[in-house]
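Please look over the sequence and the model before reading on.

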Amino acid sequence: MASHEFILTISCPDRPGIVHAVTGFLAQHNFNIVDSQQYGDPTSKRFFMRVHFAQLGGSDPKEVSDLRNSFDATAKSMSMDFEVTSNAHKPRVLIMVSKIGHCLNDLLFRHSTSQLRIEVPLIVSNHPEFQALADTYKIPFHHLPVTAATKAEQEAKILGLVKEHNIELIVLARYMQVLSPTLCTAMSGKIINIHHSFLPSFKGAKPYHQAYDRGVKIIGATAHFVTSDLDEGPIIEQNVVRVGHSQSPKELTTEGSNVESNVLATAVKWVTERRVLMNGAKTVVFN
């Protein structure tokens, strides 16, 4: 049963004996390893590990808090940063959107069909266009307009909603506003954005039209964590599609929308399954 299964993720200075310490702890506490992945980075000299393990015997599942407390001594002996979560836990995700809805629509469908094991307590937008879509999925929709003058006030409301709804992750599904350093810091490592990164540096509202004018042959997208440096956060997932000279700006936009939706959904899946670990300005992804 998933309620008897857990995910342990660790990051620590690389040294001999880490895997032995982790597996020894799990064996000592009567757990069986379902899946285990690890990586030692030769550049950062750090070791990363994700272990999916299950409780053997006993009718009552172990408490996550008890597991964290029990593992703490092992973690301290290896200078580990670690997290233990129940495999049954569905992270609570806030989706933010502006006027372009393909990523929002894709995420909501995947959520409704359990392709994404998440909870979506609310949707926030600076425009009212997708109220009806949110209503279709019976998810509360919060219209929070924003201008340069009201940005701080609007973001304070967002942080209030994050606290009220115990939000663990924010997903920017084509939310066309630059987040302030205050919000980025408050939710550091907990905001994902999607960006049409494989285009040349086409800025503005119509990047695919600019791509058409330049005759690009590959378009794609990058999902990344948000930092105060615009579109420069650690990369989670990327993908590309080939395009040709005969495709119109509208067709390029459609191809771009598809790859953006897929890349963002994949990133949300991996992050909420605790498969993504920070490694400085990069990530380690156990997929």
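In helix α3, which spans residues 102-112, the residues His102, Cys103, Leu104, Asp106, Leu107, Leu108 and Arg110 are buried, where buried means under 20% relative accessible area, exposed means over 50% and partly exposed lies in between, with a 1.4 Å probe and protein chains only. Helices here are DSSP runs of H or I with at least four residues, strands are runs of E with at least two, and both are numbered from the N terminus. This is a predicted model, in which local features need pLDDT of at least 70 and side-chain atom pairs count only at pLDDT 80 or more, while totals for chains, interfaces and linings use all residues. Residues are numbered from 1 along each chain as its sequence is written, and side-chain values use heavy atoms, with hydrogens and water left out.

The buried residues of α3 pack against β5 (92-97), β6 (119-125), α4 (131-136), β8 (169-172), β9 (191-195) and α8, with contact taken as heavy atoms within 4.5 Å.

Helix α8 (residues 249-272) also packs with α7 (residues 207-214), and the table sets out the two pairings of α8 described here.

| Helix pair | Angle between axes | Distance between axes |
|---|---|---|
| α3 and α8 | about 45 degrees | 9 Å |
| α7 and α8 | about 125 degrees | 9 Å |

The axes are lines fitted to C-alpha atoms, for helices over the stretch in contact, and the angles run from 0 to 180 degrees between N-to-C directions. α3 and α8 are therefore oblique to each other, given that angles under 35 degrees count as roughly parallel, over 145 as roughly antiparallel, 65 to 115 as roughly perpendicular and the rest as oblique. On the α3 side the contact is made by His102, Cys103, Asp106, Leu107 and Arg110, and on the α8 side by Ser257, Glu260, Ser261, Asn262, Leu264, Ala265 and Val268.

One of these residues, Val268 of α8, counts as buried because its relative accessibility is 1%. Leaving aside neighbours within four places in sequence, Val268 is in contact with Leu107, Leu116, Ile118, Val171 and Ile192. Val268 and Ile192 are 76 residues apart in sequence, yet their C-alpha atoms are 7.7 Å apart in space.

In the other pairing, α7 is likewise oblique to α8 and passes α8 in a right-handed crossing. Here Tyr208, His209, Ala211 and Tyr212 in α7 meet Pro249, Leu252, Thr253, Gly256 and Glu260 in α8.

Elsewhere, Thr85 is found in strand β4 (residues 81-86) and, at 14% relative accessibility, counts as buried. The side chains of Thr85 and Arg274 are joined by a polar contact of 2.9 Å, a term for a pair of N or O atoms within 3.5 Å of which, within protein, one must be able to donate a hydrogen and the other to accept it, residues adjacent in sequence counting only if both atoms are side-chain atoms.

Most residues other than glycine have a negative phi. Lys45, however, has a positive phi near 60 degrees; Lys45 sits in the loop between β2 (31-41) and β3 (46-55) and is exposed, with a relative accessible area of 56%. Ser79, in the loop between α2 (64-77) and β4, has a positive phi near 55 degrees.

Conventions:
Left-handed = near helix turned anticlockwise from the far one by under 90°.
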